[in-house]
Amino acid sequence: MIIAVASGKGGTGKTTVSAALASIWKRPVLAVDMDVEEPNLHLFLKPESVRSEAAYLEVPVLDKALCKLCGACAELCQFKAISLMGAHLLIFPDMCHGCGGCMRICPEGALQKGQRELGVVEAGITSEGIPCLTGRLRIGEAMSPPLMGKVRQRMQAMAEQDFRDIIIDAPPGVSCPAMTAVQDADVILLVTEPTPFGLHDLRLAWQAFHPLGKPMGVVINRAGVGDDQVQAFCREKGLPLLTEIPFRRDIAEHYAHGGILTQLDAGMKATFEDLAQRLERMACEGQGVSHA
Amino acid sequence: MTTTPIHTIAITSEGPTLADPVDSRFGRAGGFVIVDLTSMATTYVDNGSSQVLAQGAGIQAAENLVKAGAQVLLTGHVGPKAWTALQATGVKVVQGVENMTVGEAVTKFKAGEFTFSDAPSH
C-alpha cells in the first residue's frame, strides 16, 4: 500500500504528517521524501548510516563524423535539446528530458549515450528500523522529475524486497513534480490549513489530482485558525475530512524542535493511529472499486 | 578571414513594420522585421511558435532567424543557449537595442552607431 501526502500549498504540514504516520505505521514501512528540491523528512525521522549515490540522466552526445545533418533528431525533440542550425547540429544537454528518442531515431547511429548528473539518491534507516529514502537535486539542475524517477525505481526495489508499505512525502504544488510523486499512490492524503490560502491551493490540488481517480482524503493542520471554508469545500466535493491537528502552542514547539507529533502525547499518537486505520480502509476500498 | 558584406539584418519587433517598437526580448519576441539593406524592403517573420514553448524559446527563435537568412540581429538581450545557436551559424548580434522603433534601430545600425556583442547578456 502506498500513501502519498500532498498539498497544493507549501508549508501546510506534509512532512509533519508523513513523519507522524511513518512512526506509528503497524506494518513494515518505507518513508520516501519525494521533495528532492528541498528534502526535509530526514529532519524528523533522523535516518542513520545514510548512503548517497549519484544519479544520472542519459543524454545524447554527438559523433560529428557520423552525423549527416538529416535533422530527424532535432525534429523529434520536443524540448529544443537538439537544434539543426544550418550545417551545425547543436546539443543542449541541460534541456534534455532523457526520453532517448533521438538516439533511437538517428539513422546513422551518430548520437551516443552521455550523462547529465541529476543529483544524489540517499538511503538510510532510523533507530526504530524505518528505512528512509530521498533524492537531493544537484544545484543548477532545472528538472526534478528525472531524479524523482530514480528515487522511484529505488523505492519500488526496496518495497518489493520485503513487502513494505510506502509513505511518500510529496513536493508542494500541482505541476510535474507533484504529479510524479503521487502517481503510484493508492491513497492521496491532502494536508491543508483552514485559511483562504489553504483553501485556494487545496482546490488546485483537488483539480490536479481528481482526474487520477485515486481515493483522496484531507487533514486540516492548525485547526482553529482561519475560517470553515475548507470544511465546506470538502463537503461539496465529497472529500473525507480524516483528521484535524489543532493549532496549539505545544504542538508548534514540539515541531520547532524537530519532534515527531506522535511522540508529543498519547492524544496525538491516537489521532495518527486512527488516521492510519482510515487510510488503510480507503486503500482497500479503492482497490475494490478498481477491481470491480 | 573573409568578411561577407552584410545585406540582411533582423530586428526583434512587437509588430511587422519599421514603425513598430523594438521588442527587447529575443526568444519570446513577437517577431522579426527582416530588412534588405540594399533595397530597404522589409519582411516579417512571426515568432509565435517560439513564444508558446515552455523551454527552448531562444533556440527556436534562432532557428527561425537563420531560416530567414539574417546575417545580423539587433535586439535587447540574447540568452546563453540562443547565443550558442547564433554563433554556430555566424549571425552577428547587437544587444541593448530597446526603447526605439525598428526603423530607428535600422538607421542607427547603418550609421555605425552599434557595436557587436561578444557575449550573451543573461
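1. In this predicted model, B:Gly96 is partly exposed, because 13 other C-beta atoms lie within 10 Å; a residue counts as buried at 20 or more such atoms and as exposed at 12 or fewer. B:Gly96 sits in the loop between β5 and α4 (102-110) of chain B. Its C-alpha atom is separated by 20 Å from that of B:Asn47, a residue 49 places away along the chain.

2. B:Gly31 belongs to strand β2 (residues 31-36) of chain B and is buried, because 23 other C-beta atoms lie within 10 Å. Which residues touch B:Gly31, once its neighbours within four places in sequence are left aside? The contacts are B:Ser13, B:Pro16, B:Tyr44, B:Val45, B:Asp46 and B:Asn47. B:Glu104, by comparison, is 73 residues from B:Gly31 along the chain, and the two C-alpha atoms are separated by 17 Å.

3. The overall plan of chain B is as follows. Chain B contains four helices and five strands, and their order from the N terminus is β-β-β-α-α-β-α-β-α. Of its 122 residues, 39% count as buried. The C-alpha trace spans about 35 × 35 × 25 Å along the principal axes of chain B. A compact globule of 122 residues would have a radius of gyration near 14 Å, and the 13 Å of chain B agrees with this. If contacts in chain B are taken between residues at least 6 apart in sequence, 49% of them join residues at least 24 apart.

4. After the helix comes B:Gly90, with a positive phi near 80 degrees.

5. The contact between the chains can be described from the side of chain A. Nine residues of chain A are in contact with 13 residues of chain B. On the side of chain A that touches chain B, β4 and β5 of chain A each supply at least two residues.

6. Chain A has ten helices and eleven strands. Its C-alpha trace spans about 70 × 45 × 40 Å along the principal axes, and 46% of its 292 residues count as buried. Among contacts in chain A between residues at least 6 apart in sequence, those joining residues at least 24 apart make up 72%.

7. The domain assignment divides chain A into domain 1 (2-55 + 119-291) and domain 2 (64-109). How far apart do the C-alpha centres of domain 1 and domain 2 of chain A lie? The separation of these centres is 39 Å.

8. Six of its eight residues are buried, so β10(A) is largely enclosed by the rest of the structure. One pairing partner is strand β9 (residues 187-192) of chain A, which runs parallel to β10(A) over five bridges. In this pairing, A:Val191 has A:Val219 of β10(A) as its bridge partner. The path from β9(A) to β10(A) passes through helix α7 (residues 196-209) of chain A, and this β-α-β crossover is right-handed.

9. A further partner of β10(A) is strand β11 (residues 241-246) of chain A; the two pair in the parallel sense over five bridges. Opposite A:Ile220 stands A:Glu244 of β11(A). The chain goes from β10(A) to β11(A) through helix α8 (residues 229-237) of chain A, again as a right-handed β-α-β crossover. Opposite A:Val218 stands A:Leu241, also in β11(A).

How values were computed. Residues are numbered from 1 along each chain as its sequence is written. Chains are lettered from A and ligands numbered from 1 in the order in which they are written. This is a predicted model: local features need pLDDT of at least 70, side-chain atom pairs count only at pLDDT 80 or more; totals for chains, interfaces and linings use all residues. Two residues are in contact if their C-beta atoms, placed from the backbone, lie within 7 Å. The radius of gyration is taken over C-alpha atoms; the globule rule is 2.2 Å times the number of residues to the power 0.38. Domain bounds come from an automatic or database domain assignment. Two strands pair if DSSP finds at least two bridges between them. A crossover is right-handed if, with the strands pointing away from the viewer, the path from the first strand over the helix to the second runs clockwise.
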